[in-house]
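Q: I have a new structure to read. Please walk me through its features, one at a time.

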Amino acid sequence: MVSKLHVLPKAFSAIQRVNTEELSHLSEAEIRPLLPCLVRMALCAPLDQTWEWAQKRKVILQLLSGIEVVNSLVALLSIDFHALEVDVRKEQQRCRLGPSAGESALISSSPNGLALEFERSDAARRLRLFLSELLSVMAQIKEGNIDGVQNAELFESIVYLDEIADVLCIAQAELPGLLYIPDIAEALLHIPNGIYLLCRLVANSPDSFQEVCATLITNGDKQDEDSPSGKMRIQALRTLCQMNKAEILSVRGKA
């Protein structure tokens with residue numbers, strides 16, 4: 001895992017309360033982890049039609065102007081998620097059936113390796129590459145294969161982690177019925193850089209913080225705390241609490 005805490009407590013607090021004044025005082029580096037959530041707030045039709053939200057949305061649009069990476073997030077949000085949902089369901093079924101179930105419904109075989117393919121791909125293919133790998137890991141975890149997860153190549157390279165985190169956050173936000181955050185959290189514990197990605201996911205869906213922590217604690221009861229997976233679970237909880245210090249006592253009380 002990347003050792004640096006990439007989502008600062010002040011950034012998490014600001015996005016959790018959608019405090020646009022505090023968000024506007026963050027540097028571009030500090031606001032970078034929150035961009036998937038902010039871009040969705042700015043571009044997607046809001047349920048809140050009040051004047052107050054309209055003013056907040058204007059501030060968010062101003063914050064995003066001039067940040068180059070926003071263009072790639074807009075491209076991700078422009079994908080046909082209805083068509084993608086159909087293929088994700090097929091891929092989930094294929095993963096349940098195992099290796100003998102045929103080719104992926106999301107991607108064709110990649111001769112160059114997933115990391116290189118991810119770098120060269122457009123937004124739509126990047127999303128499919130990522131989902132193919134994530135769903136494979138999630139299926140292995142559900143089968144109880146917690147110590148020997150295979151096919152996690154895409155998550156190993158630090159170079160692409162920002163982009164992978166963006167894809168993760170957008171995919172989950174657009175397909176919440178298929179990508180349940182606690183299930184994703186459990187899978188991320190077993191892949192390279194998974195805690196980093198988990199913090200980014202929770203930061204972009206701050207209402208999920210308590211549920212994710214509760215899931216990590218509940219599932220941890222079944223494992224030895226001194227095992228590699230047990231230690232990773234504890235580290236994930238500590239890192240999440242560093243990001244959201246207001247909930248440290250609450251999480252500790254549940255552990």
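**Charged pairs**

A: Start with Asp87 and Arg128: their side chains meet in a salt bridge, 2.9 Å from N to O. Asp87 lies in helix H7 and Arg128 in helix H9 (residues 123–142), so the pair ties together parts that are 41 residues apart in sequence. Keep in mind that this is a predicted model, where local features need pLDDT of at least 70, side-chain atom pairs count only at pLDDT 80 or more, and totals for chains, interfaces and linings use all residues. Residues are numbered from 1 along each chain as its sequence is written, and side-chain values use heavy atoms, with hydrogens and water left out.

Q: What is a salt bridge, and how many does the rule give here?

A: Side chains of opposite charge can pair when their charged atoms come close. The rule asks for a side-chain nitrogen of Lys or Arg within 4 Å of a carboxyl oxygen of Asp or Glu. By that rule the count is 12 salt bridges.

Q: Which residue pairs with Arg32?

A: Asp166 does, with the closest N and O atoms 2.7 Å apart. This pair links distant parts of the chain: Arg32 sits in the loop between H3 and H4, Asp166 in helix H10 (residues 161–174), 134 residues apart. Arg32 and Asp166 also belong to a network of salt bridges that includes Asp162 and Arg200.

Q: How are helices such as these assigned and numbered?

A: Helices are DSSP runs of H or I with at least four residues, strands are runs of E with at least two, and both are numbered from the N terminus.

Q: Are Arg32 and Asp166 buried or exposed?

A: Read the relative accessible area: buried means under 20%, exposed over 50%, partly exposed in between (1.4 Å probe, protein chains only). Arg32, at 13%, counts as buried. Asp166, at 3%, counts as buried too. Asp87 from the opening pair is buried, with a value of 16%.

Q: Which salt bridge does Glu91 form?

A: Glu91 pairs with Arg94, the closest N and O atoms being 3.0 Å apart. Arg94 and Glu91 are 3 residues apart in helix H7, so about one helical turn separates them. Glu91 has a relative accessibility of 0% and counts as buried.

Q: What does Glu91 touch?

A: Contact means heavy atoms within 4.5 Å. Leaving out residues up to four places away in sequence, Glu91 touches Ser104, Ala105, Leu106, Ser132 and Leu135.

Q: How do I check the span of H5?

A: Compare its reach with the expected span, which is 1.5 Å times one less than the number of residues. H5 (residues 51–64) has 14 residues and reaches 20 Å from first C-alpha to last, close to the 20 Å expected.

Q: Which residues of H5 are buried?

A: Trp53, Ile60, Leu63 and Leu64 are. Down the axis of H5, the buried residues fall within an arc of 90°, so they line one face of the helix. The arc is that of the directions from the helix axis to the C-beta atoms. The buried residues pack against helices H2 (20–24), H3 (28–31), H4 (35–43) and H6 (70–77). Trp51 and Gln62 are exposed, on the face of H5 turned away from the buried side. After H5 comes Gly66, with a positive phi near 90°.

Q: How does H14 read?

A: H14 (residues 228–243) has 16 residues and reaches 23 Å, close to the 22 Å expected. Its buried residues include Arg233, Leu237, Leu240 and Cys241. Among the elements covering the buried residues are helix H1 (9–16) and helix H15 (248–254). At the start of H14, a side-chain oxygen of Ser227 reaches to within 3.0 Å of the backbone nitrogen of Gly230.

**Cysteines**

Q: How many disulfides does the structure hold?

A: A disulfide is a pair of cysteine sulfur atoms within 2.5 Å. The structure holds 0. Cys44 is in none, and the nearest cysteine sulfur, that of Cys37, is 10 Å away. Cys44 counts as partly exposed, at 26%. For Cys241, the closest cysteine sulfur is in Cys213, 5.2 Å away, too far for a bond. Cys241 counts as buried, at 9%.

Definitions and conventions: Polar contact = N/O pair within 3.5 Å; in protein donor to acceptor, adjacent residues only side chain to side chain.
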